[in-house]
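Student: I've got a structure open and would like to talk it through with you. Can we go through it piece by piece?

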Amino acid sequence: MAALAQFYVNHITPVIRVGIPLFAILVLWVALRRAGLASRARVLGLIITAVVLAWFVAADQLGRAGFYPPNWGVMRPVGWIIAIACLIPLLRSQVIGVALDAIPAWWLVAVQVYRFGGGVVWFTQWSAGRLPDAFGLSAGTGDCLVGIVAVIAAIGVGVGVRGGRVVAMGWNVFGILDFLNAFVLGSIFPYTVTYPAVIIPAFAAPLSLIFHGLSLRQLVRAMRREGRPAALLAT
């Protein structure tokens with residue numbers, strides 16, 4: 001099992017690390033195109049694309065340069081601050097709302113199957129003695145659960161199972177609470193990780209928070225269109 005986990009970390013995670021931002025950008029442009037939005041929307045798309053790429057490249061280069069470990073106390077919340085600063089306007093944007101309506105709701109759920117891989121990385125770091133038990137076991141278990149349930153929730157939404165959207169909304173809330181739990185534990189039990197594992201808390205996990213927020217908005221909008229009560233997020 002340890003050898004399999006190490007193979008995953010060495011050979012699969014590099015692909016996922018690059019694939020996550022590329023998927024985000026691809027879904028953005030597919031959504032904008034399907035919605036048939038005007039030139040102003042394309043400008044917004046270019047801005048979002050530039051922010052995601054700049055964020056990923058900066059995190060990756062800082063990680064490769066070894067900048068994070070000695071400065072982790074200061075840098076640990078930076079990715080989350082960026083994610084929240086991006087998510088607030090995205091949740092309020094009418095353009096993004098219309099774009100979300102144009103793509104299947106299961107997309108933003110299914111993509112987070114990669115969280116299982118994040119859990120494998122945390123477990124690998126913990127087993128090597130690089131993480132405190134309380135943080136490593138909790139973060140690894142939480143991410144693995146979120147990644148596994150993402151498949152179930154995506155299928156439920158995709159095939160239109162009764163209550164599938166409610167399950168997906170609950171999964172989103174669980175995924176957000178998992179991040180909150182990991183952040184709090186990381187404050188109580190300090191840790192540092194090196195590249196490439198550091199890309200998870202510096203970029204991938206905060207970007208996943210944005211996926212959760214947008215997925216919740218998409219599901220709420222869909223339920224409102226069908227006349228069901230779903231007063232969880234503002235349109």
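Student: Is the crossing of α9 and α10 left-handed or right-handed?

Tutor: Keep in mind that this is a predicted model. Here α9 covers residues 164-188 and α10 covers residues 199-225. Their crossing is left-handed.

Student: How are α9 and α10 oriented, roughly parallel or roughly antiparallel?

Tutor: Two packed helices are described by the angle between their axes and the distance between the axes. For α9 and α10, the axes are 10 Å apart and the angle is about 155°. Angles over 145 degrees count as roughly antiparallel, so α9 relative to α10 is roughly antiparallel.

Student: How many nonpolar residues does the contact of α9 with α10 have?

Tutor: On the α9 side you'll find, among them, Val166, Met169, Trp171, Ile176 and Phe179. From α10 come residues including Leu209, His212, Leu216, Leu219 and Met223. By class there are one charged and five polar residues, and the nonpolar ones number 13.

Student: What kind of peptide bond joins tyrosine 195 and proline 196?

Tutor: Proline 196 sits in the loop between α9 and α10. As a rule, most peptide bonds are trans. For tyrosine 195 and proline 196, though, omega is about 10°, and the bond is cis.

Student: How is α5 oriented relative to α10?

Tutor: Helix α5 is residues 94-101, and its axis lies 9 Å from that of α10. The packing angle of this pair is about 75°. The range for roughly perpendicular is 65 to 115 degrees, so α5 against α10 comes out as roughly perpendicular.

Student: How many charged residues are in the contact of α5 with α10?

Tutor: The α5 side brings Gln94, Ile96, Gly97, Val98, Leu100 and Asp101. Facing them from α10 are Leu214, Arg217, Gln218, Arg221 and Arg225. Sorted by class, that contact has four nonpolar and three polar residues, and the charged count is four.

Student: Is glutamine 218 buried or exposed?

Tutor: Glutamine 218 is part of α10. Beyond its neighbours within four places in sequence, glutamine 218 touches Leu100, Ile103, Pro104, Ala105 and Leu108. Its relative accessibility is 4%, and the cut-off is under 20%, so glutamine 218 is buried.

Student: Which way do α2 and α4 run relative to each other?

Tutor: Helix α4 is residues 78-92, and the axes of α2 and α4 come within 12 Å. They cross at roughly 170°. With over 145 degrees as the cut-off, the pair α2 and α4 is therefore roughly antiparallel.

Student: How many charged residues does the contact of α2 with α4 have?

Tutor: Ile48, Val51 and Trp55 come from α2. They meet Gly79, Ile82, Ala83, Cys86 and Leu90 of α4. The tally by class is seven nonpolar and one polar, and for charged residues the answer is no charged ones.

Student: How far apart are alanine 59 and valine 198 in space, C-alpha to C-alpha?

Tutor: Alanine 59 belongs to α2, and at 3% relative accessibility alanine 59 is buried. Apart from neighbours within four places in sequence, alanine 59 contacts Tyr68, Ile199, Ala202 and Phe203. Along the sequence, alanine 59 and valine 198 are 139 residues apart, but in space the C-alpha distance is 8.8 Å.

Student: And what separates the C-alpha atoms of glycine 66 and valine 193?

Tutor: Glycine 66 is in the loop between α2 and α3. With 37% relative accessibility, glycine 66 is partly exposed. Glycine 66 and valine 193 are 127 residues apart along the chain, and their C-alpha atoms are separated by 9.9 Å.

Student: Which residues is alanine 134 in contact with, leaving aside its neighbours within four places in sequence?

Tutor: Alanine 134 lies in α8 and is partly exposed at 32% relative accessibility. Leucine 185 is 51 residues away in sequence, yet 7.3 Å away C-alpha to C-alpha. The contacts of alanine 134 are Leu185 and Phe189.

Conventions
Residues numbered from 1 in each chain as written. Predicted model: local features only at pLDDT ≥ 70, side-chain atom pairs only at ≥ 80, totals over all residues. Heavy atoms only, no water. Axes fitted to C-alpha atoms, helices over the stretch in contact; angles between N-to-C directions. Helix = DSSP H or I, 4+ residues; strand = E, 2+ residues; numbered from the N terminus. Parallel < 35°, antiparallel > 145°, perpendicular 65-115°, else oblique. Left-handed = near helix turned anticlockwise from the far one by under 90°. Contact = heavy atoms within 4.5 Å. Nonpolar A, V, L, I, M, F, W, Y, C, P; charged D, E, K, R; others polar. Buried < 20%, exposed > 50% of the residue type's maximum accessible area, 1.4 Å probe, protein only.
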